Amino acid sequence: MTDSRKLRISLVLIAWLVLVIAAMAYKFIVVGSTGESRDGRTVILIEPVERTFVLKEMRGFLTGVQQLSLALADEDLALVAKHARAMGKDSDPKSPESVALMGKLPLEFKTLGFSVHADFDRLAKDADAKAAPRDLLRQLGTTMQKCVACHDRYQFGVAGLQADATGTR
């Protein structure tokens, strides 16, 4: 086999590998593991243990927002900062579930999630800087719009369940 033939074969293999890697990156970074529900929302298909993990994190957000709201009503900025910080980027749990889960989440969902954590970090920073409670409440309202948009667009389903539950399979 000639050197030019070997080079062509190598280039074809490299091109093929690049395409496979690009397709996998698109699937795991952009699309995730999704389907459509009967109500028009995108169903993110995950394993039961991952669903438990996600729902626990969302309940934590709900509890945190409730605590944050009370702290804002009392104008206790130190407590506002504490509760906001607990929902910021450093609060994002690093676990086997969260690592595997990231590949199943669509890019828009991940983007919204990361921006919500960043919003809480900003709120904590502003509370530490003694921003007016009214301004902090407005920030919280803006962040909550992202939560509403996400819940309006997505739902979590368990991968492999029958189509009756989600309209997918």
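The axes of α2 and α6 come within 11 Å of each other and cross at roughly 160 degrees. That makes α2 roughly antiparallel to α6, a label that applies to angles over 145 degrees. Axes here are lines fitted to C-alpha atoms, for helices over the stretch in contact, with angles from 0 to 180 degrees between N-to-C directions. Helices are DSSP runs of H or I with at least four residues, strands are runs of E with at least two, and both are numbered from the N terminus.

Before I go on, the sources. This is a predicted model, where local features need pLDDT of at least 70 and side-chain atom pairs count only at pLDDT 80 or more, while totals for chains, interfaces and linings use all residues. Residues are numbered from 1 along each chain as its sequence is written, and side-chain values use heavy atoms, leaving out hydrogens and water.

Back to the helix pair. Which residues meet there? From α2 there are Met58, Val65, Leu68, Ser69 and Leu72, and from α6 Pro133, Leu136, Leu137, Leu140, Met144 and His151. Contact means heavy atoms within 4.5 Å.

Some of these names return in the largest nonpolar core, which has 17 residues. Such a core is a set of buried Ala, Val, Leu, Ile, Met, Phe, Trp, Tyr and Cys residues joined through side-chain atoms within 4.5 Å. Buried means under 20% relative accessible area, with a 1.4 Å probe and protein chains only. Leu68, Val80, Phe120, Leu123, Leu136 and Leu140 touch the most other members. The elements giving two or more residues to this core are α2, α3 (77-85), α5 (107-128) and α6 (133-153). Leaving aside residues up to four places away in sequence, Val80 touches Leu68, Ala71, Leu72, Leu123, Ala127 and Leu136. A second, separate core has 11 residues, among them Ile44, Val54, Leu101 and Leu112.

Now the sheet. It is open, with three strands in the order β1-β2-β3 and mixed pairing. Strands count as paired if DSSP finds at least two bridges between them. β1 (34-36) and β3 (154-158) are the edge strands, each pairing on one side only. From one strand to the next, the twist averages 35 degrees. Strand β2 (residues 42-46) runs parallel to β3, joined by five bridges, and Val43 stands opposite Gln155 in β3. Helix α2 (residues 48-73) lies across β2 and β3, at about 145 degrees to β3.

Overall, the protein has seven helices and three strands, and 32% of its 169 residues count as buried.

Definitions and conventions. Buried < 20%, exposed > 50% of the residue type's maximum accessible area, 1.4 Å probe, protein only. Parallel < 35°, antiparallel > 145°, perpendicular 65-115°, else oblique.
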